[in-house]
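Trainee: I am new to this structure. Please take me closely through one part, the contact between the chains, and set it in its surroundings.

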There are 2 protein chains.
Amino acid sequence: MPKFEFEDLIKLEKYYKIALINKIAGLKSANLIGTKSNSGTSNLAIFNSVVHIGATPPLMGFILRPLTVDRHTYSNIKENGHFTINQVTTAIHQKAHQTSAKYDQGVSEFEECGLKEIYIDDFPVPFVVESNIQIGLSFQEEHLIAANNTRLMIGRIEKLILPDEVIKEDGDIDLVALDTAAIGGLDTYYAAKRIGRYGYARVKEAIKKLD
Amino acid sequence: MPKFEFEDLIKLEKYYKIALINKIAGLKSANLIGTKSNSGTSNLAIFNSVVHIGATPPLMGFILRPLTVDRHTYSNIKENGHFTINQVTTAIHQKAHQTSAKYDQGVSEFEECGLKEIYIDDFPVPFVVESNIQIGLSFQEEHLIAANNTRLMIGRIEKLILPDEVIKEDGDIDLVALDTAAIGGLDTYYAAKRIGRYGYARVKEAIKKLD
């Protein structure tokens, strides 16, 4: 078993280090974040860092890299106050990956990557038609991480759209039926094979498989 | 397609809401966070919110729920300054789920859930023997999220241990060979089926499948 100490890690070749460190967190959520600039250009970018923040009120967050280059997702959220989170399916994972190319401001990744945008009701930012879960959020707060100038961005869910047939009676969702993809690191995509769902764990009780 | 507005979401029945909102982020990383109190009790808890923060320096973070009940993971990190992140495999996913039961302070989830702890070198917090990726971190910073009193906790990677044979020449890691599990919501576990790895995306160039 190789063992890397902090001193070993920082000395690794740049791309080797990026590949290794990005992958050790495990399987990550795959989502497209949609935004819109005040000048009217929509933007779409893939993120592997979307996390659940809370259910009451409903909040989600994601990690945004340092603003050392132009980050349209960030500037658009600050201008517009809203963003959308759209789930990446295995069917669109290649188009979703293509959104990570460095398109200029004024160019829409929707068009360039072959994904359709849709405006729903009066929500000011477009959703991705091909995504099976579409979430519209209002920007709430940001936290600048001192250690490396990344940011945690947090939004409140204002609108949630997903297919009827995947929601079970108790609010559970079938992610396999939704064709949900996962990401390893920055470059590898996975489909999910369901193992099991378990009941709330209790001290001194055997774990209970629900289905 | 059902459409939930914010006002609909907050009125949902409590457990329905928790199930629904927790699952819409997609497939999430499955990790066991190990800590140790000053009084010497080790603690182990499953988290589905571990995120990559950066590679230079190597940083990882996770979301910690509000301190309305005793959170041993939090108090131990503040006491001890260190924690470990240990990857959940499909082989140990049931034991990992059991760590979410509310064990009292003074009780070690390692023993109660049938997972072996190991101390490596002089790192002050135990790792999980059964995990194929073991990461030792020093606590760096925390961010209190005003919207719901959760916290983003951030650590620097001081030690990284994983099997030789899964690291490719370019630093990439084979998560399927590692038996890495993913979590949907709080209760459903998945294995990964690899679809493909892609090159760095470039404007006006077709996406390139690496392997």
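Mentor: Here is the contact between the chains, with the chain fold first and some single residues after.

This is a predicted model: local features need pLDDT of at least 70, side-chain atom pairs count only at pLDDT 80 or more, and totals for chains, interfaces and linings use all residues. Residues are numbered from 1 along each chain as its sequence is written, while chains are lettered from A and ligands numbered from 1 in the order in which they are written.

Start with one chain. Chain A has five helices and 13 strands. Helices (H or I, at least four residues) and strands (E, at least two) are DSSP runs, numbered from the N terminus. The radius of gyration of chain A is 19 Å, close to the 17 Å of the globule rule for 211 residues, so chain A is as compact as a globular protein of that length. That radius is taken over C-alpha atoms, and the rule is 2.2 Å times the number of residues to the power 0.38. The C-alpha trace of chain A spans about 60 × 50 × 30 Å along its principal axes. Buried residues make up 50% of the 211 residues in chain A. A residue is buried if 20 or more other C-beta atoms lie within 10 Å of its own, exposed if 12 or fewer, and partly exposed in between, with C-beta atoms placed from the backbone.

Now the contact itself. It takes 93 residues from chain B and 93 residues from chain A. Two residues are in contact if their C-beta atoms, placed from the backbone, lie within 7 Å. On the side of chain B that touches chain A, strand β13 (residues 188-197) of chain B gives the most, with 10 residues. By class, that side of chain B has 51 nonpolar, 24 polar and 18 charged residues. Ala, Val, Leu, Ile, Met, Phe, Trp, Tyr, Cys and Pro count as nonpolar, Asp, Glu, Lys and Arg as charged, and the others, Gly among them, as polar.

How do the two copies relate? A rotation of 180° with 0.0 Å of shift along its axis superposes chain B on chain A, with RMSD 0.0 Å. That is the relation of a two-fold axis. The same surface serves both copies, as 100% of the contact residues of chain B recur in chain A. The superposition is by least squares on the C-alpha atoms of residues with pLDDT of at least 70 in both.

Strands also cross between the chains. Strand β1 (residues 3-5) of chain A and strand β11 (residues 151-161) of chain B run antiparallel, joined by three bridges. Strands pair if DSSP finds at least two bridges between them. Within β11(B), Leu160(B) is the bridge partner of Phe4(A).

Glu158(A) is partly exposed, with 19 other C-beta atoms within 10 Å. Beyond its neighbours within four places in sequence, Glu158(A) is in contact with Gly136(A), Leu137(A), Ser138(A), Glu5(B) and Phe6(B).

Finish with the core. Of the 111 residues in the largest nonpolar core, Met60(A), Ala182(A), Met60(B) and Ala182(B) touch the most other members. Strand β11 of chain A gives the most to this core, with six residues. Such a core is a set of buried Ala, Val, Leu, Ile, Met, Phe, Trp, Tyr and Cys residues joined through C-beta atoms within 7 Å. Not counting residues up to four places away in sequence, Ala182(B) touches residues including Leu27(A), Ala182(A) and Ala192(A).
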